[in-house]
Structure formats: structure tokens, C-alpha cells
Amino acid sequence: MANLKVYGTIRSRANRVIWMAKELGLPYESISVDLAAPRDAAFLAVNPNGRLPAIDDDGFYLFESMAINLYLAKKHGGPLAPRDLSEDAKMTQWSFWAVTELEKPGLDYLMHTMFLPAEQRDATVPGKALETLKRPIAVLDKALASTGNLVGDRFTVADLNVGCFVAYLASARDFLAQYPNVGKFVAAIVARPAFKKAMPPRG
Ligand SMILES: N[C@@H](CCC(=O)N[C@@H](CS)C(=O)NCC(=O)O)C(=O)O
């Protein structure tokens, strides 16, 4: 049995953590949690918020997807992990930034273009979400200009933690065309074998 238990499946924000585990080649056990049902005590001991994802890493409990991915990168090392304190700080910066700047408009876009049943979608939401995304995506475009990655010249947990919020923009072709570095970043991410295994198919 794997020592790493990931609460949540690819149909939740746990897909970011599953993507990370696959990038690192880590064996893990995926534990499905029914979000419509009352949470059981065993899961609440791991994440008292009752939200997904959370991990039980051989008795070490952690919640918040960005924190989990930073922890797994640093624990297992390799190219995805920071090499020094300044890389660590930048990876943390981009992870906080992604949640603050991208998550709300990103989810609005995703829900109303792909995930909600067609009859529940509001056709005005995706356009407003892309409007809100213009400012942070322009920042991202500039940050990617020199190496195509956010920290150093390699794919790291910073790219993964930001990439999980921008991969859905692959369908917003006209929008992405205005941000060529982000366009290349998204294309590279969705082509990664670990990403393909971890993410549910998108329209
Ligand atoms: N900031 C948290 C968000 C977690 C979150 O809201 N997860 C959703 C699933 S994608 C959830 O558990 N929703 C059920 C609920 O809020 O009760 C993270 O990134 O881990």
C-alpha cells in the first residue's frame, strides 16, 4: 500500500496534487470523498475543513493544494523543487499569486464553458472572467518571456501551481493569442504526460 494518501480524485482540486505525484513518479492511494455526504471523522482528522484535496503522508496531514505541492516538491527534490531560498521564495510567491489572482475568474470561466451542464451556464460569465484575467495574464506573459518558465530555466512546482489555473485557457484561443508566452506555456503544460494522466478531459 502507498504511504501517500491523496483525498480527492481528478474531478476536484485534488487533480493538482495527483498531477504533482505523477510528475514526481510517486505511488499514491487516491481516496474518493463524496462531497454531497457528511464528512466522516477519519477524513475530518486529516482536513478539519472537510475540503479536497488533503494528504496523509505516512501520518503527516496537510491541506491546501498549493501547500501540499510545495511540500511534495521539497520533500522529494529533483528539478521541480527549489534549489535555494530565493527559488523557494519565488515558488511560494507564484503559488500565492495564482490563488489570489487567477482562481476566482478561472473557476468562473471553467464552470461556465465546460463543467456546468449546458442549461446552467450563464453565457455572460466567461467574457467577464477573461476581462478580469487580462491583468494577471499580462503579468504572467512578461514573467515567462525570458525562459518560458517562472523560476529558473526548468519546469518547477511554480509552473505546476500556476499551470493548473491556466491550462483551461487552452480553449480560449483568441484570448491566448494576445499573450504568446502564456500560449506557449499552456501548450507545453497540456502536452506533459503527467498532466494528461491527472486532468479530466476538457472541452
Ligand atoms: N483552497 C483550497 C480549496 C479547496 C476546495 O474548496 N475544494 C473543493 C473541491 S474542488 C471542496 O472541497 N468543496 C467542498 C466544500 O467546500 O465543502 C485548496 O486549494 O486546497
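## Strands and their pairing

Two strands count as paired if DSSP finds at least two bridges between them. In this predicted model, strand β3 (residues 54-57) and strand β4 (residues 60-63) pair in the antiparallel sense over 4 bridges. Together β3 and β4 form a hairpin with 2 residues between them. In the turn, Asp 58 has a positive phi of about 55 degrees.

Strand β3 also pairs with strand β1 (residues 4-7), again in the antiparallel sense and over 4 bridges. Ala 54 of β3 takes part in both pairings: Tyr 7 has Ala 54 as its bridge partner, and Ala 54 stands opposite Phe 63 in β4.

## The two faces of β3

In a regular strand the side chains alternate between the two faces of the sheet. In β3, Ala 54 and Asp 56 point one way, while Ile 55 and Asp 57 point the other way. These residues are all buried, that is, each has under 20% relative accessible area.

## The ligand site

Among the residues around the ligand are Ser 12, Arg 13 and Arg 16, together with Arg 51, Leu 52 and Pro 53. Leu 35, Glu 64 and Ser 65 also belong to this group.

From Leu 52, a polar backbone atom is 2.7 Å from a nitrogen atom of the ligand. Taken alone, the ligand exposes 520 Å², of which the protein buries 75%.

Terms used
Residues numbered from 1 in each chain as written. Predicted model: local features only at pLDDT ≥ 70, side-chain atom pairs only at ≥ 80, totals over all residues. Heavy atoms only, no water. Buried < 20%, exposed > 50% of the residue type's maximum accessible area, 1.4 Å probe, protein only. Near = heavy atom within 4 Å. Polar contact = N/O pair within 3.5 Å; in protein donor to acceptor, adjacent residues only side chain to side chain. Areas by Shrake-Rupley, 256 points an atom, 1.4 Å probe, with all protein chains shown as cover.
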